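Student: Here is a model to go through. Can we talk about its aromatic residues?

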Amino acid sequence: MRTTPRRLVTVLALTPLLAGCFVSGEDGSGTGDKGGSGGRLRVALAVPPVQALSPYSNDATVLSKLSVAEGLTALDKDGAAAPALAKSWKQKNDTAWTFELRKATFQDGTEVTAESVVNALDHAGAAEPKPRVLSDVTLTAKAEDADTVTITTKTADPVLPLRLASPALGILAPNAYGKEGAVSPVGTGTGPFEITKLTGKSKATLDRYDGYWGGKAKASGIDVTWIADGTARANALRSGDVDIAEWIPTAQAKLLEKDTRHEVPSVRTDSLILNTRSGIFTDAALRAAAREAVDGSALVDSVFGGYADRAQGLFGPAVPWAADERVTVTGRAKAANTAQVKANTKGKTLRLATYTNRAELPEAATVLQQQLEKAGFTVKQDVREYTQMEADLLAGKYDALVFSRVTLLDTGDAVAYLASDFTSDGVYNIAGLKDAKVDQAIKAAAEEGDTTQRQQKTMRAEAEILRTDAVVPLVHERVVQGVSPDAEGVLLDPRERSLIDVDTRLK
C-alpha cells in the first residue's frame, strides 16, 4: 500500500533566482506585484491545441504541464507511481486493484467521489479514438463506496498504477463530459490552476484554484500563448514578453543568456517513421535501403548544435536501464542497392513529412532528403504545423515522417509506448506496422510483472520492431527550456509532463 506525502515533487525544480513579480491587469496579463500573493506567469507553449484541450488528444500534456487536471496517481522523480487523487492503493489479485481517494474537490465546486472517478474512466475507455495509454488494456472501474474505487483489467496489468498517471486519464468533473464524446477541461479539473478561458488555438487564461487539496498555488494565474515558431518563442523570452518558453530551438539556445537556458535530459527520441501499409515502403528491401541511407550522427552537430546524442535504439540515455538490456537486431531484410531502389520505385516520389513545431525537424528532413536521394529515392517534402497534418499521418498519407516522440510520455512505462505506436491495433501506429512477432514480443513484455524481466522483454520487443525497419531511430534529444531569471520553481521534466506546479512563481 502507498501512503501520501502532502504534495509530490515529481521533477527537478529550478532554485530561486532573481527578484521581480507581476500582477494581473484587466486583460489578465502580468503587470507587476510585490506582494506575497504571487503574480501571473506568462508561458509560451509550442504545439497549439488539436482538440480544444481534450484529454484524449495530444493536448492532454498541456493539462498536466499547467497543473490543471490530475489522475488517480502521478509519477515521482524516479518514474514510480505516487499518490495523487488516490491517497493509497493495493492489488487484490492479478487483474484487480483498489484505490482509496483523498478528500478533494473539482474546480466547479463538486466533490471528487468514487462515482465521479468511475464516470471519468468510463468516458476515457469509450473515447474514439482511444487514448494511447489504453491501446493495450481495457479498464473497468467500480465504486465500492464513496471513497473507494476498484479497477479491473481483462488480463493482468502489472503497471496499472503507472498507467493511471497518464495525462489522458485525468479525472474531470461530471459536467466536463458532453454529447457525442465531447469533453472540456475548462473549469472542471482538480489541480491548483483552473482554465477560465480558451481562445481558439492561440491563448488560454488560467486562474489559481484556491480549493486545491495540495495547498494554495504561489502564482495567481497563468497566461498561455501558443507560439508554434521556435525562434519566435525564444524571442518572446528574450524580449521579456513571457517568463517561460518551452522547447527552445538548439540554434537559438546559445543566443539566450546563460541563466535563462536550461538543458534537460529527455526521453525524447527523433526517428524516421516509414509507412509499411501503403506506398513504396511496403517493400521491406526499400525500407532497409532507407535505413542504411540515413545517418543520425550527421544531425547531432549540424542540426541540434550538440544538444543530442546519436540514437542507439528507441530508448536513449534518459532511460538508464535501456543500454544494459539492449538486444542485437537480427533478421532484417537485405537492403536494395541504388539501382534497385530506382527500379523498384519506378519514378514514384517518396513523400517525406515533418512539422514545424520543433524547429530542428525541418532542418533534419532536409539532411535526410539528401541522404535518401543519394540512395536512389526521389523525395518531396511536406512540412506543416503538426495539428494540420496529424489526421493525414494516422491515415497513412505519407511515405515517411521525421518524428520526435517522448517515449515515456503516456504512462512512464516503455511497453505502453511500444503498444500504442507499433502493435497491429495500436492507436498511434503511424507506421501502420502489422507484424505478428512484434505483437507477440510486446504482449510478453506487457504481461511481465517483475521489473527486471519486464525491461529485458521490452528490449527484445524493441529489437523485433527495429528488425522491420518501420522506424529508424536518429537522435536522442536534450531539450532546452527557456526560463526568465524572475521565475522560480519551474519544473524541468525529462518526460515533458510537468512545467508549473503550486510552487512555481515570480519573485
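Student: Is Trp321 buried, partly exposed or exposed?

Tutor: Trp321 is partly exposed, with a relative accessible area of 22%. Buried means under 20%, exposed over 50% and partly exposed in between, with a 1.4 Å probe and protein chains only. This is a predicted model, where local features need pLDDT of at least 70, side-chain atom pairs count only at pLDDT 80 or more, and totals for chains, interfaces and linings use all residues. Residues are numbered from 1 along each chain as its sequence is written, and side-chain values use heavy atoms, leaving out hydrogens and water.

Student: Which residue does Trp321 form an aromatic pair with?

Tutor: Phe315, in a tilted pair, 6.3 Å centre to centre with 40° between the planes. Rings of Phe, Tyr and Trp (its six-membered ring) pair if their centres lie within 6.5 Å; planes under 30 degrees apart count as stacked, over 60 as edge-to-face and the rest as tilted.

Student: And Phe315, buried or exposed?

Tutor: Phe315 is buried, at 1% relative accessible area. Phe315 and Trp321 also belong to one aromatic cluster with Tyr417 and Phe422.

Student: How many aromatic pairs does the structure hold?

Tutor: Nine. Among them is Tyr212 with Trp213: the ring centres are 5.1 Å apart and the planes at 50°, so this pair is tilted. Tyr212 is buried, at 12%.

Student: New topic. What lies over the face of Trp247?

Tutor: Arg268 does, at 4.8 Å from the ring centre, and Arg358 does too, at 4.3 Å. The rule asks for NZ of Lys or CZ of Arg within 6 Å of the ring centre and within 35 degrees of the ring normal.
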